[in-house]
Amino acid sequence: MYGISQKLNYKMIWQALLLMSVISMLFIVPASAGTVEENSESIANLQTALTVLWLIIAGAIVFLMHAGFSLVEIGLTRTKNTANILMKNFMTICLGIVVYWAVGWGIMYGADFAGLIGIDQFFLVGADNALWNSWWFQMVFAATGATIVSGAMAERTDFKAYLVYTVFMVALIYPVYGHWVWSGAGILTSGFLVDSIGASFHDFAGSGVVHSIGGYSALAGVLIVGARIGKFKNGKAIPIPGHSLPLAFLGTIILAFGWVGFNGGSTLDGNDPYVSMVIVNTFLAAGAGAIMVMIITWMKTGKPDPSLTANGMLAGLVAITAPCGAVTNWAAIVIGLVAGIIVYAGVMFNENTLKVDDPVGAIAVHGYCGTWGLIAVGIFALGQGEGSMLADAAYTSAGAGLLYGGYQQFLIQVVGAILSIVWAFGISFIIFKVLDWTIGLRVSAEHEIAGLDIVEHGISAYPEFMIQEE
């Protein structure tokens with residue numbers, strides 16, 4: 001009897017709820033559906049708002065990458081230079097913000113002059129909400145090139161000279177090449193060169209604009225500043241271990257997280273249907289790069305090398321930055337695997353052949369793998385032609401790569417890669433030479449041995465390690 005009564009009670013409750021729902025619906029006044037024009041305007045406004053918010057969030061994620069760069073650099077160097085490295089990276093951000101506002105944005109995105117340089121919008125004169133939003137996202141990229149240089153020249157570079165170079169990087173070196181590639185009017189995306197080859201250069205999120213420029217600028221700086229004391233003995237490279245692998249690995253993971261905004265945000269559209277594909281390709285290449293370096297070092301030495309493996313992940317991320325919106329998943333893995341080979345071979349080449357001292361491997365990671373990323377577009381890109389799965393993606397390469405029957409895209413990618421090397425290395429070499437003649441690029445041997453924390457800043461990042469005088 002209790003069971004039957006319980007079922008009846010449940011039935012009565014459901015009937016009452018149903019009756020109440022019907023009655024309430026009778027008294028609800030339906031909202032006006034609006035006209036087609038009003039609905040279209042509302043949808044457009046929502047799409048605009050999503051894009052603005054997406055770029056703000058993506059930019060914030062990229063901004064966090066500066067913490068990752070700092071941690072990688074201090075983790076792979078010695079304790080006596082930690083405060084100096086933190087100050088360099090911190091001031092890179094601060095100078096980058098102001099200099100890119102005053103000069104960099106105008107040179108990169110101002111009205112075009114001869115396909116070479118922008119000539120207005122300095123100090124963001126005449127900016128509106130759309131321009132401020134674009135500036136924010138582009139600004140967080142701008143100082144990254146100088147941060148790359150910081151890591152390669154760590155532990156022996158004069159602080160004042162580095163700050164001056166940072167201004168030149170953000171005001172001139174980075175934005176000029178960026179104008180050639182991303183302004184829509186530069187020599188690599190329009191004009192005689194593009195018309196002659198029959199394809200427009202493609203660098204989706206900056207394998208060339210950010211990483212190649214930073215990497216080859218670093219090579220110029222390292223060649224001039226010289227190796228750290230004790231790095232080479234009788235022509236042989238001697239390892240100088242960093243003081244904290246945990247910090248280096250934490251920095252690597254933060255950088256990888258930053259690539260969500262770096263590559264994903266470069267769709268520049270919060271409603272983009274392919275943003276997930278971009279992010280998937282990004283992390284497939286990252287994982288493949290790390291796996292490849294782990295295998296190589298394991299086979300070479302009998303033990304997998306931690307710091308090189310971490311650089312393998314960064315190598316994959318750098319290489320996929322240009323083609324991530326233009327290739328399939330399997331191609332992203334291949335690109336990452338090749339990047340792993342390149343970064344290992346590049347580090348060995350730099351130390352054993354060029355005899356240059358790069359404490360964090362920045363030249364190989366950002367320079368050599370940045371070039372590989374640009375070339376990879378010309379090999380693996382699907383293009384926007386008929387039948388391409390990315391035919392309706394606004395930002396993928398217009399031409400197909402070599403694997404899909406195209407050659408023009410490959411040719412323009414090679415030309416753009418060469419220009420990035422010549423421009424970054426050439427102008428940086430000149431600037432570093434002038435700085436060396438004037439300010440002095442390198443600290444004295446006495447100061448290098450003592451550590452830049454004390455001599456440059458009068459403080460130690462780890463005071464408990466210092467011998468206390470009685």
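Which residues does Thr321 touch, not counting residues up to four places away in sequence? The list runs Phe204, Ala205, Gly206, Ser207, His211, Trp259, Phe262 and Asn263, with contact taken as heavy atoms within 4.5 Å. This is a predicted model, where local features need pLDDT of at least 70 and side-chain atom pairs count only at pLDDT 80 or more, while totals for chains, interfaces and linings use all residues. Residues are numbered from 1 along each chain as its sequence is written, and side-chain values use heavy atoms, with hydrogens and water left out.

Thr321 sits in the loop between helix 11 and helix 12 (329-354); helices here are DSSP runs (H or I, at least four residues), numbered from the N terminus. Thr321 counts as buried because its relative accessibility is 0%, the cut-off being under 20% relative accessible area with a 1.4 Å probe and protein chains only. Its side chain is joined to that of Trp259 by a polar contact of 2.8 Å (a pair of N or O atoms within 3.5 Å, where within protein one must be able to donate a hydrogen and the other to accept it, and residues adjacent in sequence count only if both atoms are side-chain atoms).

Gln409, in helix 14 (residues 408-438), is buried too, at a relative accessible area of 1%. Its side chain pairs up with that of Gln413 in a polar contact of 2.9 Å. Setting aside neighbours within four places in sequence, Gln409 is in contact with residues including Phe201, His202, Val377 and Ser397.

A cavity is a set of points, on a 1 Å grid over the protein atoms alone, where a 1.4 Å probe fits but cannot get out, and lining residues have an atom within 4 Å of a point. Grid points are joined across faces, edges and corners, and a volume is the space filled by probe spheres set on the points.

The largest cavity holds about 130 Å³. Its lining takes in 15 residues, with Phe69, Val72, Val360, Ala362 and His366 nearest the centre. Helix 2 (36-75), helix 5 (144-152), helix 11 (306-320) and helix 13 (362-380) each give two or more residues to that lining.

The second largest cavity comes in at about 50 Å³. Among the residues that line this second cavity are Val72, Leu76, Phe249 and Asn311, and helix 9 (245-264) and helix 11 each supply at least two of the lining residues.

Technical notes: 1 Å grid on protein atoms, 1.4 Å probe; cavity = no way out; pocket = protein on both sides within 12 Å on 5 of 7 lines; lining within 4 Å. Buried < 20%, exposed > 50% of the residue type's maximum accessible area, 1.4 Å probe, protein only.
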